[in-house]
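Hi,

Here is the structure I promised to pass on.

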Amino acid sequence: MQCDEAGPLLLRRLEGRLEADEAPRLERHLEQCEACVQTLDAQRRVATILSSRPVAEVPLGFAGRVMANLEPVPGWAGWPGVLDALNWRVWTFRLAPVAAVLIVVASLGFRPTEAAEPMEFSDLVAEWVVEADARGLPAFSLLWQEDVSGDILLEAVLTADPDEPF
Amino acid sequence: MLNVVAYTAVIAPNGDIRCAPGMADRTAGQAMSSRGRSVDPDRTLVDAATAGNLEAFEDLVRRHQTRLVNYALAIVRDTGEAEDVAQETFIKAYRSLRRFRGESSFKTWLYTIATNTARTALERRGRRARVGDQSLDDESHTLSAGSVPSGLPDAETTLVARDAIDRALAVLPDDLRVAVVLRDVEGLDYKEIAKVTGSPIGTVESRIFRARQRLRTLLLPLRTAQRSLASR
């Protein structure tokens, strides 16, 4: 074992955290390396000194100043904010892929319906005339025909000859 | 001016490190659940504070104010700024209480906020933890036996000692100082430090090792001076 490899193990030895296979290897190295022995001792002593650092007392009134600077938490009193409760950040990231897939599926499945194009008035009349002529029936008689479209019927009513309504 | 409380370390006869009373108190009271996992001693207060109980949050502040003020002081090395950092930490914790999920202890979570707040303060101040290119051999940072005042009351002696330790810590880069303070001064374990700093445990170990190596020339004379005083 070289000293570079021993370095991190010295820390763990100091705190009793060496793995089972690491301990004997490190001990053999320490038996032969005075520098690492001194490093281990120095690590221990520095840690001891740092742990003995005197604790300073908190300035008087510290807790009171903290409490005085607290702002009311936004949202209903005693109720968590909706966004906080939902942890919106987490759910935004988690649901973003799902939303993307839904958008793609929706766009692929969307097809504009082939709505009937509105007919011009003259075309309606022409169609009605053809219909009426083809059947050889008076215009008003179309009212009793089941297969006549609403547009044709409307034109028939609006343009019927008062002298020959049927 | 901060008052100083006398504080001593305990070394076992075989040289192993034993927790000093303060460090022991930091872990005292941590109960174990039936599954062997430690139960956060702050859980009850945190739940009450989250529900809007301000008195519960004030209890949390009083419970952790000493550790946070001292931690901030070790990092930013300025009394006024340390109080600001600690105060800001508690305010941020209060605002984020509802986002605290209990994945770590409340104490660890506070240290995380404090570390980030202290780093921001240092960046804002525009200077690093390391004091320029000052060499570790600089005599102004060492404390020889002769420079330790003798015959002074214990409070002043410990004040000198604390100031010497803090001056030595100030020489370290931010990441090394944070790691070694969290471990040796605050008593957090490696898993907690990894969470606080957002670094892998291996990186934490490396930083602590390197920090102690750099501090040995600055702090070991202090230890010698303390022993010299004790033997008088």
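You'll find B:Arg119 in helix 5 of chain B, residues 106–125; helices here are DSSP runs of H or I with at least four residues, strands are E runs of at least two, and both are numbered from the N terminus. B:Arg119 is partly exposed, at 25% relative accessible area, where buried is under 20%, exposed is over 50% and partly exposed lies in between (1.4 Å probe, protein chains only). Its C-alpha atom is separated by 9.9 Å from that of B:Ala72, 47 residues apart along the chain.

Before going on, a word on the basis: this is a predicted model, where local features need pLDDT of at least 70, side-chain atom pairs count only at pLDDT 80 or more, and totals for chains, interfaces and linings use all residues. Residues are numbered from 1 along each chain as its sequence is written, chains are lettered from A and ligands numbered from 1 in the order written, and side-chain values use heavy atoms, with hydrogens and water left out.

Now chain B as a whole. Its secondary structure comes to nine helices and two strands, and reads β-β-α-α-α-α-α-α-α-α-α along the sequence. Of its 232 residues, 48% count as buried. Among the chain B contacts with a separation of 6 or more, 67% come from residues 24 or more positions apart.

Over in chain A, A:Val98 sits in helix 6 (residues 88–109) and is partly exposed, with a relative accessible area of 45%.

Cheers

Note on methods: Contact = heavy atoms within 4.5 Å.
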